[in-house]
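Colleague: Could you walk me through this one before I set anything up? Please start with the terms, then go on to the details.

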Amino acid sequence: MITNKHHEYGIWLSYNNQESGFQLPVNPAELQISDATSGKSYDVSGLGEINVIQSPKLTEISFDSFFPAPGANYSFIASETLLEPYVYLTLIQDWMKKKRPIRFIFTGASFDLNLAVSIEKFEWREAAGSGDIEYSLGLKKYVFYKARPVEINKSQKKGSKKERQTKETPKTYTLVRGDTLIGVARKQLGNESRWKEIQKLNGIADSELRRLQIGRVLKLPG
């Protein structure tokens, strides 16, 4: 929260590279700036509560002030050009309708701010008897971004699908000369230690392991 004397700082709002804009005619007595992180706490069994630091939240700025009535002769007017109150209202409302960020510039005695912001809140009312327009304005820092299209290589996608299909384990295997269950497990299942699964699935006795019948169709485990 920052409090400054009226003559020590100025605030400007503008749209589309200063296509339209203005300096606030009356500086707010107080400028509220929120720039916190979005840390979250978790209760971990055996450790107690821990805090995980997240990415910083977007800066938020809010303040209250008023647009002076025509012919007002206040000593604390900050801008050299004083517009009609409805002109300020119309500009802000028009910027909100366009749904695009505006530029917020703050110049002060100790620091400056220059941010692209979105208008999150704008409330106003006419002060009874004076003709002044009192208002509250809430802004949030805007980060420019551009979506990147994702391209999918259809040929690679088809090839990978085909490759997955060829790597699928066959359900049966026909024995040829020189085959052993260890060799079949290694070639067909990718793990020679699974030869016992083949033996059990096909009811092969230990005495048959050294003389497997050529042409025999073996069932293979999944």
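Modeller: A salt bridge here is a side-chain nitrogen of Lys or Arg within 4 Å of a carboxyl oxygen of Asp or Glu. By that criterion, the side chains of Arg216 and Glu208 meet in a salt bridge, at 3.6 Å from N to O. This is a predicted model, in which local features need pLDDT of at least 70 and side-chain atom pairs count only at pLDDT 80 or more, while totals for chains, interfaces and linings use all residues. Residues are numbered from 1 along each chain as its sequence is written, and side-chain values use heavy atoms, with hydrogens and water left out.

Colleague: How many salt bridges does the structure hold?

Modeller: The structure holds six. Among them, Glu134 pairs with Arg125, with the closest N and O atoms 2.6 Å apart, and Glu197 pairs with Arg194 at 3.0 Å, N to O.

Colleague: Is Glu134 buried, exposed or partly exposed?

Modeller: Glu134 is partly exposed, with a relative accessible area of 29%; buried means under 20% relative accessible area, exposed over 50%, and partly exposed in between, using a 1.4 Å probe and protein chains only. Glu197 is also partly exposed, at 36%, and so are the two partners of the other pair, Arg216 at 23% and Glu208 at 26%.

Colleague: Changing topic, what does the secondary structure of the chain come to?

Modeller: The chain has four helices and 12 strands, where helices (H or I, at least four residues) and strands (E, at least two) are DSSP runs numbered from the N terminus.

Colleague: What about helix α1, how far apart are its end C-alpha atoms?

Modeller: They are 21 Å apart, which agrees with the 20 Å that the 14 residues of α1 (residues 85-98) should span at 1.5 Å a residue; the expected span is 1.5 Å times one less than the number of residues.

Colleague: Which residues of α1 are buried?

Modeller: Pro85, Tyr88, Leu89, Leu91, Ile92 and Trp95 are buried. Seen down the axis of α1, these buried residues fall within an arc of 165°, so they line one face of the helix, the arc being that of the directions from the helix axis to the C-beta atoms. The face turned away from that buried side carries the exposed residues Tyr86 and Lys97.

Colleague: And what do the buried ones pack against?

Modeller: The buried residues of α1 pack against several strands, including β2 (10-15), β7 (60-67) and β9 (112-126), with contact meaning heavy atoms within 4.5 Å.
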